[in-house]
There are 2 protein chains.
Amino acid sequence: MPSAEPLGLVAGAGVMPLRVADAAAKTGRPIFCVLIEGFADPAGYAAYPHEVVPLGKTGRMLALLRGHGVRDLVLAGRVTRPSLLSFRFDADGVRLLARLGRGAILGGDDGLLSAGLRVLREEGFWPLGAQAVLDGLLVEEGVLTARVPDEADRADIARGVQVARALGVADVGQGCVVQQGLVLGVEAIEGTDAMLARCAGLRREGPGGVLVKLVKPRQDIRADLPVVGPETVRNAAAAGLAGIAIQARGTAGASPHAGTLVLDRVETVAAAEAAGLFLVAIRPADFLLKKENER
Amino acid sequence: MPSAEPLGLVAGAGVMPLRVADAAAKTGRPIFCVLIEGFADPAGYAAYPHEVVPLGKTGRMLALLRGHGVRDLVLAGRVTRPSLLSFRFDADGVRLLARLGRGAILGGDDGLLSAGLRVLREEGFWPLGAQAVLDGLLVEEGVLTARVPDEADRADIARGVQVARALGVADVGQGCVVQQGLVLGVEAIEGTDAMLARCAGLRREGPGGVLVKLVKPRQDIRADLPVVGPETVRNAAAAGLAGIAIQARGTAGASPHAGTLVLDRVETVAAAEAAGLFLVAIRPADFLLKKENER
C-alpha cells in the first residue's frame, strides 16, 4: 500500500510547509519533516516527527529522510540562499555541491533548484510540489473577487506581464508592481512583501496599481512556485494598490500543475474583499498578445 | 556663426544639467534654461537666463525655447513621470500628448522619451545628449581604479549584465546589484541610490557585491543615459559593495556616443579609491559571451 510510505517534507520559512504537513496528516499518511535551521519554526511542527538540520548538512538530511523510509519528498517554504561562506557543509554536502556544478550555484535560483532536484532524483527521491499534496492551491483562470480589473488595470497587468516575463527569463524574482504604466518596483531577493512596502512610497496620486506575480518560464514546478496569501493581500492594500494578478493553473508551459499558488484561499479572497482589491488569475500569454495587437 | 545660436537646456533634477550649463557657458555660447518645476532647483541656475515651467505646460516650454532662438536642445537631469492626473496640461500640451500616442505614455520610459524626442524634432528642435556638450562623460573600456575586479567579481558582473539586459529589453531600470551570484536588488522607479540603500540589508556575509549599471538596448542616447557619480560610489560603499561596473563608450549598438555617463569623473574615481572600490567600464557583450562559453 503505497500511501503507508511516509511523505518527506523539507520545510523552509512560512506557513506553506505546515499546511502541507497538515494536509498529509489529514489523509492518514505518515510524515517526516526536515526543518531547515533558521527558516522553519520547530514550534509549528511539534505534532509531527521532525529534525532541525542546517542548510549545508546535506548528507545528514538525506540520511534522515532515508532512515525514515521517505521516497516522496515535498520541498516547501522560503529558503533564501545564504552566503556560500556561511554554509557548514558536511562531507556529503561537499560532494553534492560538486555535482550541482558551479554554473548552478553562481547562476539564478532556478538553476540551483533544478540542479538540486536532479541530484535528489539521482539519490532515489521523488520530489513533489506542494500542490501535489495540498488541494486548492492552483486557481482557474478568472476573477476571484467582487471587484474586477478595469481597462487601466488591465493595461497595468499587461505591462507587468511583460516585465515579469523578462525577469523570469533572466531567472530573477517573480513579481513587480505597476501603476499607470510605471513600474514602481521589481522583485529580487528581498521578496514580495518588502517590495510592496517600498511601493507605498513610490506610487503616484490617482487610481490603480497592480501586483503581478507569475511563474518563471523555466521554473521547476516541484519547488518554488510563486505564492500569494492573506498577508500578500494585506500588504498590497497597505501599499494602496488596486489589485493582484496571478498566473492561472495550466497556463505556464506544458504542465497543468503549474501556476501561482494561493495559500489559504478562503482567507486570501476574504482579505481582498475586505480591502476592496481585485484578485485575478490570468493567462499571461493573453496579455502579451493584446499588447502586440495594440501597437 | 552657429555657436552664437543659444543652447537650450531642459533641466530636471541632479547636478548633470548644471554641469551642461556651465560647460556651454565656458565656451562662450549663450544658453537658455527651462527648469522643470519640482525637479530642477532654480538657485543653481541664477547665473543663466531661465524660466521655471511645470511638466505639463509643454506649449509654454516650446514657446519659451523658440522665443530665445533655441534650436540645439539638451534634455538632462532626472524627471520621474508623475501621476497623469497631476499634469496640468496646457492646450499645446494636450495636442502633443495626443501625438505621443497612448502606447508611449502607458509603456516604458524609453517609449515616452523616444516619442517626446520625435515630437521635438518635428517641432524644429535638435535634441542632443549631455555628452554632446560636456566632455569626459563617456569612459573608454577598462578599469579606472587601483582595485581590479577579481574572478568572483567578474562572475557577478556577468550575472548583472544578464539581468540588466533582460530589464532593458522590457524597458525597465538600468541597474542591479549582484553578490555571489545572488541578485540582491533590481532597479525600477526608485532609482539607483534607493536600491543601493536597501541592498545594504540584503547582502550576505563574505566578500563581493557589484553594482551593474548599463545602457538599455533601445535607449535614446540624446536623453536619459544612465549616470554614476561620486554619490553613487559613496552609496555603493555604504552598502558594502566591492565595486561598480558601467558600460564603456561605444559598446551599445551603433553609436560611439552611448555609454554610462560618469558625472564629475575625477571626484567619482577619487571617491572609489577612498572607499577601496573598483570602477570598471565594460563591454557587456564580452560578459554575455563568456557566460555562454562557461556552460
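In what order do the six strands of the open sheet in chain A lie? The order is E6-E13-E11-E9-E7-E8, and the pairing is mixed. This is a predicted model: local features need pLDDT of at least 70, side-chain atom pairs count only at pLDDT 80 or more, and totals for chains, interfaces and linings use all residues. Residues are numbered from 1 along each chain as its sequence is written, chains are lettered from A and ligands numbered from 1 in the order in which they are written, and side-chain values use heavy atoms, with hydrogens and water left out.

View 1. Strand E6 (142–143) and strand E8 (182–186) of chain A are the edge strands, each pairing on one side only. Strands are DSSP runs of E, at least two residues, and helices are runs of H or I, at least four, numbered from the N terminus. Two strands pair if DSSP finds at least two bridges between them. E7 (residues 175–179) of chain A runs antiparallel to E8(A), joined by four bridges. Val177(A) stands opposite Gly185(A) of E8(A).

**View 2. The E7–E8 hairpin of chain B.** Strand E7 (residues 175–179) of chain B and E8(B) run antiparallel, with four bridges. Val178(B) has Val183(B) as its bridge partner in E8(B). Two residues lie between the strands, and Gln180(B) takes a positive phi near 50°. E8(B) (residues 182–186) is mostly covered: five of its five residues are buried. Buried means under 20% relative accessible area, exposed over 50%, and partly exposed in between (1.4 Å probe, protein chains only).

**View 3. Strand E2 of chain B.** Six of the six residues of E2(B) (residues 31–36) are buried, so the strand is largely enclosed by the rest of the structure. Ile31(B), Cys33(B) and Leu35(B) cover one side, and Phe32(B), Val34(B) and Ile36(B) the other. In a regular strand the side chains alternate between the two faces of the sheet. E1 (residues 7–11) of chain B pairs with E2(B) in the parallel sense over five bridges. Gly8(B) is bridged to Phe32(B). E2(B) also pairs in the parallel sense with E3 (residues 50–53) of chain B, over four bridges. Cys33(B) is bridged to His50(B) there.

**View 4. The largest nonpolar core.** Such a core is a set of buried Ala, Val, Leu, Ile, Met, Phe, Trp, Tyr and Cys residues joined through side-chain atoms within 4.5 Å. Of its 46 residues, Ile157(A), Val186(A), Ile157(B) and Val186(B) touch the most other members.
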